[in-house]
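Subject: Structure handover

Hello,

Here is the structure I said I would pass on. Please open it and follow along with the notes below.

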Amino acid sequence: MQIEYISALSVIIGVISRFWPVWLALAIVMGVSFAYKKKLGLYGQLFDSGVGIAGVGICLFWLFTAIFASTISPFDPLAQVSIMKDTLPGAIEPTSKLIYYFGGDKLARDVFSRMVYGSQIVLIIAPAATGFALMVGITLGLPAGYYGGKIDTVLSFLANLVLAFPVILLFYLLVTPGIMDTPIPYAMAGLFFLFPIIFFSVLFWTRYKNRPDRLYILLGITLVVGGWIYAGLVFDKDPLKIVHIDPNQLNIFVAVVFASSPGVFRIVRGLTMDIKTRDYVAAAQTRGESPWYIMLWEILPNARGPLIVDACLRIGYTTILLGTLGYFGLGLAPESPDWGTAIKDASRLLRSFIHPALPPTIALMSFVLGLNLLADSLREQSMKD
């Protein structure tokens, strides 16, 4: 059967039109953000510079792409149509008359649909793993920097021990397929996923311990929601079947948290050691505030600028790392549409067909670029503050 093609201009117009939910969402969010930027704090200040606007725009583009992936994609990312194997961009699928805008890969899957669905994997794992790493690093870094002494010595030694491992070797050890046959990933997940529950419980306790009416409500919500997410992530026992993570993704998740937490710990420790000498901390100590109140409500808010910048950069590093792991065939399933796996699959046939490798490569590059631009703008704003 002869494969028909559309023109290059039609491909460009078709791709742009497929993203219509993203353009609509971007227009609404960016328009509202511009209109109320003076009331939106640090986020609103990002719209005072071209770098900030570009960073926010690129990151929101991929966020909305992940949200509306099922609407944007014309095909299932795993669907195979044998006649479309290695077809060039603009090929028309004979049965459905739908278009393979970026062509087909070696397994006759739509490259465009796989690129779109790949954004979901990246935007779930990278930000979530970075968030958990921040929780671990903050929870341990605050007491290490504030108390010093033996607590600082022990925690710093453990952090330096992890940082001494080469990153690639560390990830290779943690994401190899055989590791899932051991209880190590689940034990590590069980430990790391406790930190957000502990963090928010202590946060609310130190703030509202003299207001039991509000304290019990917030603690109850923290324990219920935290326990629900904990059961789904660690034990896959979510009764509502909403919170779930595949074993391969859990492997990568734990590896990212384990490798990133020491870096966050060192940043928080250093910031705490500096901020604890400020006058407002001495004033809180004079009022008789508890050490954890001072750490969470006096020191941490004043360290938010560098931490937000670090979080943006760390999400970018994690995105690149996910792509690297996918390229080496580690962690995620071989059929996964994540960008790293897609680049790996396409790289084997680069001399014959280059088109399957370009979309995931450009997608990965553009998302990391957006995060770096966002981090640069946040750094400038934090320096002004």
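Start with Asp310 and Arg314: each of these two residues is buried. Keep in mind while you look that this is a predicted model. The side chains of Asp310 and Arg314 form a salt bridge, with 3.0 Å between the closest N and O atoms. Both residues sit in helix H15 (residues 304–327), and because they are four residues apart there, about one helical turn separates them.

Salt bridges

In general, side chains of opposite charge can pair when their charged atoms come close. The whole structure contains 11 salt bridges. One of them joins Asp48 to Lys37, where the closest N and O atoms are 3.3 Å apart. This pair links distant parts of the chain, 11 residues apart: Asp48 is in the loop between helix H3 (41–45) and helix H4 (50–67), and Lys37 is in the loop between helix H2 (20–35) and H3. Asp48 has a relative accessibility of 52%, so it counts as exposed, the cut-off being over 50%. Lys37, at 26%, is partly exposed.

Another salt bridge is formed by Arg109 and Asp105, at 2.9 Å from N to O. Here Arg109 and Asp105 are both buried. Salt bridges with shared partners also join Asp105, Arg109, Arg114, Lys344 and Asp345 into one network.

In soluble globular proteins, nonpolar side chains tend to be buried together. In this model the largest nonpolar core has 76 residues, and Phe19 and Phe193 have the most contacts inside it. Helix H6 (residues 111–147) supplies the largest share of this core, 12 residues. Apart from this core there is another, of 24 residues, which includes Leu203, Leu215, Ala284 and Met295.

What does Phe19 touch, leaving out residues up to four places away in sequence? Phe19 is in contact with Phe61, Thr65, Ile72, Phe112, Met115 and Val116. Phe19 also belongs to an aromatic cluster, together with Trp23, Phe61, Trp62, Tyr101, Phe102, Phe112 and Trp339.

Aromatic pairs

A pair of aromatic rings is described by the distance of the centres and the angle of the planes. There are 20 aromatic pairs in the whole structure. Tyr43 and Phe47 make an edge-to-face pair, with 5.3 Å from centre to centre and 80 degrees between the planes. Tyr43 is partly exposed, with a relative accessible area of 32%, whereas Phe47 is buried, with 3%.

Phe75 and Tyr100 are also an edge-to-face pair, because their planes are at 65 degrees, with the ring centres 4.7 Å apart. Phe75 lies in the loop between helix H5 (69–72) and strand S2 (91–92), and Tyr100 lies in strand S3 (residues 99–100), so the pair ties together parts that are 25 residues apart in sequence. Phe75 and Tyr100 are both buried.

A position in helix H7

Finally, find Leu158 in helix H7 (residues 149–163). Is Leu158 buried or partly exposed? With a relative accessible area of 44%, Leu158 is partly exposed. From Leu158 to Ser260 the distance in space is 13 Å, C-alpha to C-alpha, while in sequence the two are 102 residues apart.

Regards

Note on methods
Residues numbered from 1 in each chain as written. Predicted model: local features only at pLDDT ≥ 70, side-chain atom pairs only at ≥ 80, totals over all residues. Heavy atoms only, no water. Core = buried A, V, L, I, M, F, W, Y, C linked by side-chain atoms within 4.5 Å. Buried < 20%, exposed > 50% of the residue type's maximum accessible area, 1.4 Å probe, protein only. Helix = DSSP H or I, 4+ residues; strand = E, 2+ residues; numbered from the N terminus. Contact = heavy atoms within 4.5 Å. Phe/Tyr/Trp six-rings, centres within 6.5 Å; stacked < 30°, edge-to-face > 60°. Salt bridge = Lys/Arg side-chain N within 4 Å of Asp/Glu carboxyl O.
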